[in-house]
Structure formats: structure tokens, C-alpha cells
Amino acid sequence: MQGNSEAAKTLATEALNAGIDPIDAIDNGLAKGLREVGSKFERGEMFLMQLILSGEAMKTGLGILKPEILKQQKELKGRGTILLGTVEGDIHDIGKSIVAAMLTADGFDVTDLGVDVPDKVFVEKTKDSKARILGLSALMTTTRTKQKDIIDALKGAGVRSTIKVMVGGATVTPEWAKQIGADGYGEDAVDATKTARELLGN
Ligand code: B12
């Protein structure tokens, strides 16, 4: 919350040394603090610079914890390919990268398309790849509408039935997912892997 990257690094290392599960350290440590920063920012109690510094601190901590998640990767690979990206107009990438790490650790082959990804790139990649799931991350109410646009664009291109679409991000809810015709929703990275498995029936 203080935007202290050095402290985030030290604490992440200490958490690992103490035998704390890296997922737990992220969910109940780093992410919890960052969400509180988001709430304070919304109430005008913290400012953009602090949001940026806290985001950086989160990323520094993740730099220590994420490789540990990937080490837990299941031996059994081949659950299928997942395309993952943050929608156009949105540059939030912390949550998406945690989801990518968890899915990878669970045996999925993840192609991360990055942030601020135009709708047509999602459609093209769906056409060109053998991916079975498309994961769309959107953190803002102004950008989550893109999730619907992308689903519509997939329909327009005649490829909607070839891929399952799962959505997530801070302002995304199960109701929203249903409303826009997504196949699945994930509240957090653990839920995202559960949803992905369910969507593929494994
Ligand atoms: C850090 C942060 C930033 C950083 C981002 C750094 C980065 N590289 O990502 C910076 C400072 C750049 C930033 C910028 C802005 N931000 Co900001 N930001 C946040 C903050 C505090 C935390 C986001 C985060 O990383 N959370 C931690 C991760 C672990 O959680 P998560 O992202 O929700 O992801 C989890 C789940 O949602 C889910 N998930 C995520 N993606 C997906 C995808 C799939 C497929 C699935 C299944 C699941 C899933 O799993 C993840 C892991 O558990 C949020 C507050 C909040 N409550 O989220 C605001 C917030 C999202 N930001 C907000 C705003 C307004 C902005 C700015 C417009 C501010 C400004 N005035 O410039 C800009 C927009 C920039 C842009 N065009 O995108 C608002 C959005 C309000 C709204 N309702 O629309 C929020 C909610 C803050 C607030 N309460 O006002 N931000």
C-alpha cells in the first residue's frame, strides 16, 4: 500500500522462506493491499502516483512469487491452448499475468496477447490458432464493454462456436458474463483454472 517495491520484494521472499503458498501470498498479501489502494483511490484518499507506485510494488513482488507458481506446473501437459489478453483501451496487466501463471501451472498452454489488444487481433488469433479458450481481461466499466464487442466480432467472423470465451477483471461479475453471452467467468486466478477445466470438460 505504501508503494514500496523493496519491501514487497523482501516480504515476498520472506513468505516463500516461511513456506507460504505463493498463490496465498499473492491473494492474501499483495493483491489485498493493491485492492485497498484501488478503493482509496476511488474515494479520493489516494492519488494516481500512489496507484502507479503500488502497481509497481505488486509487480516486483510478483517477480519473486510467479516463478514459484510456474515451478508447481503439473507434469501432465496438454489440457489445451488458451489465448489470453486485456481488451483495447485497458492497460491493467497484473491480474491477467497471475491468471496466465496459474493456468500454465495447471497444464494449459497459454498464449498471452498482452494489454490494449484490439478486437480484430483476438478474432484473427482465434482463427489462426487451435486455441480452445479465449480469456478476456477488463478492469474498468468503460472497457468491459469490449468483452461484448469481441464476442460479437467472433460471431460476425463465423468463429464463435469454435472457441469458449471466459471473462474476468475487477469490474466483471458473473451477471455481466451471462449478459454478454460469455461461456465462463473467473473471480480470481484459482477460479479461472477451475472454469477453464469445466469449459473443456476436464
Ligand atoms: C494497479 C492499478 C492500476 C495500475 C495498473 C498497473 C498494471 N501494470 O497493471 C495503473 C496505475 C497503471 C492504473 C491505471 C488506471 N486505472 Co487502475 N487500478 C489498479 C488497481 C488498484 C489494482 C488492479 C490490480 O492489479 N489488482 C490486483 C489483481 C490481482 O486483481 P485483478 O486485476 O482484479 O485480477 C484478478 C481477477 O479480477 C481475475 N482476472 C483478471 N483478469 C482476468 C481474466 C480472465 C479471463 C479471468 C477468468 C479472470 C481474470 O483474476 C485475477 C487474479 O486473481 C485497481 C483497483 C481494483 N480494485 O482492482 C484500479 C482500477 C481498476 N483502476 C481504475 C482506473 C480508473 C484507472 C485509470 C483510468 C486511472 C487514471 N485516472 O488514469 C487508469 C487507466 C489506464 C488504462 N487505460 O487502462 C479503476 C476502474 C474504475 C471502474 N469502475 O471502471 C479501479 C477499479 C480503481 C478504482 N476503484 O477507481 N491502474
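This is a predicted model: local features need pLDDT of at least 70, side-chain atom pairs count only at pLDDT 80 or more; totals for chains, interfaces and linings use all residues.

Me: Where in the chain is His-92?

Reply: Look past strand E1, which covers 81–86. Helix H4 takes up 94–105. His-92 sits in the loop between E1 and H4.

Me: In what order do the elements run from the N terminus on?

Reply: The chain has eight helices and five strands in total. Reading from the N terminus, the order is α-α-α-β-α-β-α-β-α-β-α-β-α.

Me: Gly-107: buried or exposed?

Reply: Gly-107 belongs to the loop between H4 and E2. Its relative accessible area is 1%. The cut-off for burial is under 20%, so Gly-107 counts as buried.

Me: What separates the C-alpha atoms of Gly-107 and Ala-57?

Reply: Along the chain, Gly-107 and Ala-57 are 50 residues apart.

Me: What is phi of Asp-116 near?

Reply: Asp-116 is in the loop between strand E2 (109–112) and helix H5 (119–128). Most residues other than glycine have a negative phi. Asp-116 isn't a glycine, yet its phi is positive, near 50°.

Me: And what is the relative accessible area of Asp-116?

Reply: Buried stops at 20% and exposed starts over 50%, with partly exposed in between. Asp-116 falls into that middle class, being partly exposed, because its relative accessible area is 38%.

Me: Zooming out, what radius of gyration does the chain have?

Reply: The C-alpha trace spans about 50 × 45 × 25 Å along its principal axes. For 202 residues, a compact globule would come out near 17 Å. The chain agrees with that, so the value is 17 Å.

Me: What share of the contacts with a separation of 6 or more comes from residues 24 or more positions apart?

Reply: Contact here means heavy atoms within 4.5 Å. Counting those with a separation of 6 or more, the share from residues 24 or more positions apart is 74%.

Me: Last one: how far apart are the mean positions of the positive and negative charges?

Reply: The chain carries 26 positive and 29 negative charges. Their mean positions are apart by 5 Å.

Terms used:
Residues are numbered from 1 along each chain as its sequence is written. Side-chain values use heavy atoms; hydrogens and water are left out. Helices (H or I, at least four residues) and strands (E, at least two) are DSSP runs, numbered from the N terminus. The radius of gyration is taken over C-alpha atoms; the globule rule is 2.2 Å times the number of residues to the power 0.38. Lys and Arg count as positive and Asp and Glu as negative; His and the chain ends are not counted. The place of a charge is taken as NZ of Lys, CZ of Arg, CG of Asp or CD of Glu. Buried means under 20% relative accessible area, exposed over 50%, partly exposed in between (1.4 Å probe, protein chains only).
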